[in-house]
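The exercises below ask you to read a protein model from its overall contacts down to single residues. Try each task on the structure before you turn to its solution.

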Amino acid sequence: MAGNLFDQLKKAGLINEQKAKQVKKEKYQQTKQKKGKKGGSAESDAAKLAAEAAQQKAERDRQLNLERQQAQEKKAEQAALRQLIESNRINGYEGDVTYNFADDGKVKSLQVNKQTRQKLVAGDVRIARFNGGYVLLSLEAAEKVEQRDTAVLIPFGDKDDSMSEEDREYYAKFEIPDDLMW
């Protein structure tokens, strides 16, 4: 008995030609569906991986854009602060009187005139760090600068809180001259 099973069944008279073709067609479709499912799962896995990679790339791009945007905003803030200080700086304060102040734990000094020194002592003029040096700003400009960046301004001399209120009232009776020069 040679031939395939269908040929043998036809010779035996168990199936006819039409029935054999229908069975062949069904078997072909089943094998095609099985291959499609196997290939489809590989394709779906690849699609899932591609979608996941695209999502990760989009997230990475979003993070980079956010960082770039923050850097640009910071740069714009610094430029605005620089412009504010430059436009509001006090000129013509140079003189022969030395004004000493503390900056980062070091004593620094500026040569100012008497009127500017009195304004500095009274707190009407503030000192700000600018381009590796120091500039003087009016109190109104200093408040604007302080709203943007407090690190630029040199803080006022710390007041001594160790004295009690009673001691302060006692020592307030004695006048301390402001014009002492060391």
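Among contacts in the chain (heavy atoms within 4.5 Å) between residues at least 6 apart in sequence, 43% join residues at least 24 apart. The model is predicted, so that local features need pLDDT of at least 70 and side-chain atom pairs count only at pLDDT 80 or more, while totals for chains, interfaces and linings use all residues. Residues are numbered from 1 along each chain as its sequence is written, and side-chain values use heavy atoms, with hydrogens and water left out.

**Exercise 1.** Determine how many helices and strands the chain has, and in which order they run.

Solution. Helices (H or I, at least four residues) and strands (E, at least two) are taken as DSSP runs, numbered from the N terminus. The count gives 5 helices and 4 strands, and from the N terminus on their order is α-α-β-β-α-β-β-α-α.

**Exercise 2.** Work out which residues of helix 4 are buried, and why they line one face of the helix.

Solution. In helix 4 (residues 139-148), the buried residues are Ala141, Ala142 and Val145. Seen down the helix axis, the buried residues fall within an arc of 100° (taken from the directions from the axis to the C-beta atoms), so they line one face of helix 4. Glu140 and Gln147, on the other side of helix 4, are exposed.

**Exercise 3.** Classify Thr116 and Tyr170 as buried, partly exposed or exposed.

Solution. Thr116, found in helix 3 (residues 114-122), has a relative accessible area of 11% and is therefore buried. Leaving out residues up to four places away in sequence, Thr116 touches Tyr93 and Leu136. Tyr170, by contrast, has its place in helix 5 (residues 165-171) and, at 43% relative accessibility, counts as partly exposed.

Conventions:
Buried means under 20% relative accessible area, exposed over 50%, partly exposed in between (1.4 Å probe, protein chains only).
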